[in-house]
Amino acid sequence: MLFDTRKSILQEIRDEELSARGIRLLVKRDDLIHPEVSGNKWRKLRYIVEHFKQSRNERMLTFGGAYSNHLLATASVCHQLKIPAIGIVRGEELSAKANPVLTRCRELGMHLHFVTRDEYALRGMKEYHEELILEFPNSYIVPEGGANYYGMIGCQELINELPAFDHLFVAQGTAATSCGLLLGIHAQQLHVVPSIKQYDSKKEMSLLFSKSGFEMDLIEELLNSVCVHGDYHFGGYAKVTDELIDFIDDCEKKYQLPLDKVYTSKAFYGLMQEIKQPTYNHSTIVFLHTGGLFLSH
Ligand SMILES: *Cc1c(COP(=O)(O)O)cnc(C)c1O
């Protein structure tokens, strides 16, 4: 069954220091849902696919960078559902041979269309979408990262799979996952760790909510439950340092927890730093492992 999330288990992190402080740390392993569909992309595509089917379009068209987990997820889901897929890829100099992500997208039958960075910058514009539809008729356009209302709603459902908790930590790219989680939580705190430098988390979340038709009052109220930890990007998007690589190795050895370099290692590092504060004593903390391990398999 497609969109089955039963493989996403809760892994308890066993650490003496944490248990001495009465902290229970659980990892929601969405990375285990599927080997090539990054966990949160799987959840985001669920209702995007439903809406696509209702729209009676013939193909799905979306956008991504050279290593986009979202492109790969879309290619994989469309392959399984026999939906023709088009990927608009940033970088006219690239080809499907450029890296294993693009190669796999092509193998899964996605048509890759490489564009310049200037053209890619138009990916959110209505006029550009109209041009794309002239070139690729009957296309259903999915925003980069699956970041729209349907994507959010798919992520909201994840909350039903969690036990009682106090804090939920998640990495941020487009903010669609964090917005969805925020819609699902009740009295808990949502901690967001952006992977992008100088990323205004609350502004991005607010924009996505307002594009989805939420009223400003409600958005402000929702955002009160968000705690932003903006200093764990390690120099910027997709940048790595030796310290980060060591941290990834340690987590694998100490906790049998595999982390990716772009999102989950940075967010989990942020969590491990932040929870040193005594305010986290005697609480249950959940870390959402959003996946991203395709290149590590
Ligand atoms: C895409 C992605 C994210 C970011 O999710 P957003 O909904 O765009 O904020 C986080 N982690 C992984 C592994 C991803 O692939």
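Let's start with Cys-251: this residue is buried, with a relative accessible area of 2%. By buried I mean under 20% relative accessible area, with exposed over 50% and partly exposed in between, using a 1.4 Å probe and protein chains only. Cys-105 is buried too, at 0%.

A quick word on what we're looking at. This is a predicted model, where local features need pLDDT of at least 70, side-chain atom pairs count only at pLDDT 80 or more, and totals for chains, interfaces and linings use all residues. Residues are numbered from 1 along each chain as its sequence is written, and side-chain values use heavy atoms, leaving out hydrogens and water.

Back to the cysteines. How many disulfides does the structure hold? Zero, taking a disulfide as a pair of cysteine sulfur atoms within 2.5 Å. For Cys-105, the nearest cysteine sulfur belongs to Cys-78 and is 10 Å away.

Now have a look at helix α7, residues 149-156. Helices here are DSSP runs of H or I, at least four residues, and strands are runs of E, at least two, numbered from the N terminus. The buried residues of α7 are Gly-151, Met-152, Ile-153, Gly-154 and Cys-155. Their cover includes α2 (39-55), α8 (176-184) and α9 (201-211).

Zooming out, the chain has twelve helices and ten strands. Of its 297 residues, 55% count as buried. Along the principal axes, the C-alpha trace spans about 60 × 45 × 40 Å.

Definitions and conventions:
Contact = heavy atoms within 4.5 Å.
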